[in-house]
Amino acid sequence: MFLLLYLFWGLLWMDSNFKRFVEVGRVVLLKTGSSAGKIAVISEIIDHNRAIIDGPTTGVPRQSFPYKHLILTPLALTTLPRGAGSAVIRKLMEKEAVVEKWEKSHWSQKRRALERRRALNDFGRFQVMVAKKQRRDVVRKAVAKAKKAA
């Protein structure tokens, strides 16, 4: 009986939709504060509302931060011990190239493009509109040529 319950709960755990967990070593994206938009690492879990984060390579100071102001990323430092200091975190982040992985991620690239788009002035938005029109015209002509050939 105990074995059946154990297997049942094991199967439930395997079918979980959740992939990112709050854990020591999880790389997080900060939503608010002076370091908003930067990444950091969870170095210690305080309670069910807060964790100590540190981002020695990204300029985020070691501090207590509420989970509701963090976004969990798929990246994690797997060998980070609990309560590790800034030096250990810096060494592991550089060894595992976390910042480079983050910069190459599609998520980070979309955030940068959105920030660039938001920073445009009126003339910049006009230039984007003209470029879209030119691209649309080239595509339209290519499709018409392909239809004619077929």
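Analyst: A contact here means heavy atoms within 4.5 Å. On that basis, among contacts in the protein chain between residues at least 6 apart in sequence, 47% join residues at least 24 apart. The model is predicted.

Now the part itself: strand β2, residues 39-45. Buried means under 20% relative accessible area. By that cut-off 6 of the 7 residues of β2 are buried, so the strand is largely enclosed by the rest of the structure.

β2 has a partner in strand β1, residues 26-30. The two pair in the antiparallel sense, over 3 bridges. In this pairing V28 stands opposite A40 of β2.

Strand β3, residues 50-55, also pairs with β2. These strands run antiparallel too, joined by 4 bridges. Here I45 stands opposite A51 of β3. The link from β2 to β3 is a hairpin of 4 residues.

Next, the setting. The protein chain holds 5 helices and 5 strands. Along the sequence the pattern reads α-β-β-β-β-β-α-α-α-α. The radius of gyration is 23 Å, whereas a compact globule of 150 residues would have one near 15 Å. Taken along the principal axes, the C-alpha atoms fill a box of roughly 70 × 50 × 30 Å.

Last, the surface and the charges. The accessible surface of the protein chain is about 11,100 Å², and 61% of that belongs to carbon and sulfur atoms. The chain carries 30 positive and 12 negative charges, with mean positions 11 Å apart.

How values were computed: Residues are numbered from 1 along each chain as its sequence is written. This is a predicted model: local features need pLDDT of at least 70, side-chain atom pairs count only at pLDDT 80 or more; totals for chains, interfaces and linings use all residues. Side-chain values use heavy atoms; hydrogens and water are left out. Buried means under 20% relative accessible area, exposed over 50%, partly exposed in between (1.4 Å probe, protein chains only). Two strands pair if DSSP finds at least two bridges between them. The radius of gyration is taken over C-alpha atoms; the globule rule is 2.2 Å times the number of residues to the power 0.38. Accessible areas come from the Shrake-Rupley method with a 1.4 Å probe; for residues, only the protein chains shown count as cover. Lys and Arg count as positive and Asp and Glu as negative; His and the chain ends are not counted. The place of a charge is taken as NZ of Lys, CZ of Arg, CG of Asp or CD of Glu.
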